[in-house]
Amino acid sequence: MLEVSGLTVEYATQNGTVRAVDDVSFTVGRGEFLGIVGESGCGKSTLLFGIAQLLSPPARITAGSVTFAGKNLVAMTDKQLAAIRWRNLSVVMQSAMNALNPVKSVGAQFADALRAHGVSSRKPIVARSAEVLRMVGIDPVHLKSYPHQLSGGMRQRAMIAMALLFTPDLVIMDEPTSALDVVAQRSLMVQIKELQRELGFAIIFVTHDMSLVSHFSDNLLVMYAGQIAEIGGTRQIFASPLHPYSRGLLEAFPGIRGPKEPLKGIPGAPPDLSVIPNGCRFLPRCPLKMDECATTQPALVERDGVAVRCLLYVPESLGAAQ
Amino acid sequence: MTELLRADNLTRHFKIGATLSRRTLHAVDDVSFSIGEREIVALAGESGSGKSTVARLLARLYKPTGGQVLFEGKPISAIRSRRDKLRYSGQVPMVFQDPFSSTNPVFRVSHGVLRVLKLHRPELSARERQAEAQRVFEVVGLGADMLQRYRVGFAQALAARPKLILADEPVSMLDVSIRIGLLNLMTKLRDSEGVSILYITHDIASARYVADRLIVMYAGQIAEVGPIEDVLAGPKHPYTQLLLSAVPDPKAPPPSAAALAAAVGERGEPPKVIDPVPGCRFLPRCPVSTDICGKVTPELRVLTATREIAGAAAAAGEVAVATDEATREVACHVAQSGVDVKAFS
């Protein structure tokens with residue numbers, strides 16, 4: 001349903017262009033839940049914005065296409081995009097605190113979105129607004145509430161309700177749970193999953209908290225320095241992460257059950273994207289580096305249904321490493 | 001372990017609503033706990049449970065409505081003179097949540113630290129201040145890499161030779177890999193500088209790696225206190241059980257459909273405690289409540305001597321936190337009546 005191919009986003013800065021998203025390709029099927037994880041600065045939010053065509057200068061798409069329901073979004077005009085937004089594709093932004101208009105009631109904001117897409121009479125507007133609010137577990141009386149009257153969790157759910165006004169085919173979520181505590185977080189995740197099962201929309205879910213998506217996403221995309229480090233089935237990646245970076249991310253996450261293991265973490269920091277190295281971008285932080293990593297840029301290789309960008313899994317170097 | 005700070009029946013209410021409104025928000029209600037020397041205590045709870053208010057009370061940013069805080073045996077309400085206030089704020093500094101808004105962007109990082117040194121340690125000469133700032137930067141691992149802004153708060157706190165650092169969600173905005181650096185820093189401060197830390201967080205998994213004891217707050221009250229490994233291994237309060245069950249665990253198998261259905265049901269929000277009536281505040285969300293829960297507010301009581309648990313853990317080959325007078329305390333009628341509470345798993 002959604003096909004991103006070779007998407008490249010560059011930021012123009014004083015010191016030349018910075019390639020924040022570099023040749024990213026993946027597909028999202030109908031009703032699929034794709035999790036995108038990575039550290040801050042790895043380009044995951046830029047990727048989302050690139051998909052939703054919400055980039056503003058100095059960022060711009062320099063290559064690649066985003067095909068949604070057979071149409072290339074990159075080539076569309078703003079007017080054409082406006083017709084698709086909310087109706088077929090909606091975006092839930094990172095902080096609902098800022099995404100909702102503080103001087104308008106929740107109902108008025110819902111009505112705005114509905115009117116923009118041609119629902120003009122009052123009755124269906126109220127009915128649909130109440131219906132989506134009920135779907136996310138908020139009492140419809142809150143249509144009259146202003147954002148500040150709702151708790152953080154409710155605001156976040158109201159945003160999701162708004163995204164569902166037209167029963168879109170794809171909902172893009174950028175860390176929707178980052179402001180919530182664990183109990184509210186899980187209840188929201190479960191609810192999103194429930195709604196997805198009922199309504200059948202696909203989700204792209206961006207987060208830096210890998211464990212959050214472990215039980216909810218079908219597929220997982222691990223991003224590092226603007227590139228796909230690893231992409232494949234979530235359970236498979238969690239069970240046996242291939243890329244040293246995925247492995248590090250996973251080990252960096254402390255558990256509360258079982259024996260206490262010393263935390264390993266990943267030494268160093270994400271690289272500066274304005275200087276593209278010759279070899280692997282993860283090299284300075286990699287515990288498994290080999291000689292050719294400094295000179296050869298790894299390509300994505302397929303291995304047991306998972307694509308991974310690491311020279312360890314290129315057949316000839318595998319032999320050399322062993 | 002010697003006691004460094006103790007809060008006795010600490011209470012803080014806020015008036016809310018219009019001028020004539022009589023409604024009060026009970027942000028912190030009758031909270032008692034202690035922090036020992038060289039001890040990291042984690043304070044966990046949902047947003048709105050009063051954990052930040054507790055830190056602000058300890059930092060003297062708020063005056064308590066009731067109860068008192070004893071620091072090294074002396075009530076902090078007795079601090080009056082400017083000198084004493086300065087001394088206390090140097091000994092009990094606070095590190096705030098957001099490193100981006102809690103440091104002044106127009107000054108160099110060293111400015112903050114030098115200023116603290118000038119204020120709190122006037123006996124140092126300018127050259128000694130420079131040297132001390134250098135030492136502090138080395139301790140927190142703040143070298144040439146000034147990207148690590150999150151360590152600045154700790155550097156400033158450390159400059160005044162603190163005894164207790166109040167760290168209000170210092171890692172909540174950080175990536176996992178950076179987070180670990182900060183967790184290690186906190187352990188290092190305890191072990192090498194002998195500092196106690198009150199580590200406020202909603203991330204229990206990270207607390208496990210630094211804290212000796214865990215205090216779980218719910219709706220302005222303490223639900224459960226105990227050595228952190230013991231609490232994680234066997235939470236007694238239904239809320240603690242809910243909290244722990246909600247922590248995502250990538251290593252565990254995916255939850256069953258029934259467990260997920262139950263999770264949808266717990267949509268309940270942490271209550272805003274406005275003019276509360278007696279009774280347990282977790283009651284509306286509690287699956288194991290009894291009649292008494294709606295009538296009497298449960299008090300925090302000792303449940304089991306830690307030594308027994310520690311002994312059992314040692315026998316099982318696990319590491320137990322050995323603190324002498326630490327005990328498991330729970331504020332739950334059902335758990336206190338001897339029932340083994342299993343509300344959420």
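Good morning. In chain A, eight strands form an open sheet of mixed pairing, in the order β6-β7-β8-β3-β9-β10-β12-β11. Two strands pair if DSSP finds at least two bridges between them; strands (E, at least two residues) and helices (H or I, at least four) are DSSP runs, numbered from the N terminus. At the edges stand β6 (89–92) and β11 (300–303) of chain A, each with a single partner strand, so one side of each has no neighbour in the sheet. Ignoring direction, neighbouring strands of this sheet are turned by 20° against each other on average.

Please note that this is a predicted model, in which local features need pLDDT of at least 70 and side-chain atom pairs count only at pLDDT 80 or more, while totals for chains, interfaces and linings use all residues. Residues are numbered from 1 along each chain as its sequence is written, and chains are lettered from A and ligands numbered from 1 in the order in which they are written.

Within the sheet, strand β7 (residues 170–174) of chain A runs parallel to strand β8 (residues 202–207) of chain A, and 5 bridges join them. Val171(A) is placed opposite Ile203(A) of β8(A).

Which strands does α1(A) lie across? They are β3 (33–37), β6, β7, β8 and β9 (219–224) of chain A, and the helix runs at about 150° to β7(A). Angles run from 0 to 180 degrees between N-to-C directions, and axes are lines fitted to C-alpha atoms, for helices over the stretch in contact.

Helix α1 (residues 44–52) of chain A has 8 of its 9 residues buried, so it is largely enclosed by the rest of the structure. A residue is buried if 20 or more other C-beta atoms, placed from the backbone, lie within 10 Å of its own. The buried residues of α1(A) include Leu47(A), Leu48(A), Phe49(A) and Ile51(A). After α1(A) comes Gln53(A), with a positive phi near 60°.

Let us turn to chain B. It has 12 helices and 12 strands, and 46% of its 345 residues are buried.

In this chain, the axes of helix α3 (residues 109–120) and helix α5 (residues 152–159) come within 8 Å and cross at roughly 20°. The helices α3(B) and α5(B) are therefore roughly parallel, the term for angles under 35 degrees. Among the residues that make the contact are Val113(B) and Val116(B) of α3(B) and Ala155(B) and Ala159(B) of α5(B); contact requires C-beta atoms, placed from the backbone, within 7 Å.

Thank you.

Terms used: Parallel < 35°, antiparallel > 145°, perpendicular 65-115°, else oblique. Contact = placed C-beta atoms within 7 Å. Buried ≥ 20, exposed ≤ 12 C-beta atoms within 10 Å, placed from the backbone.
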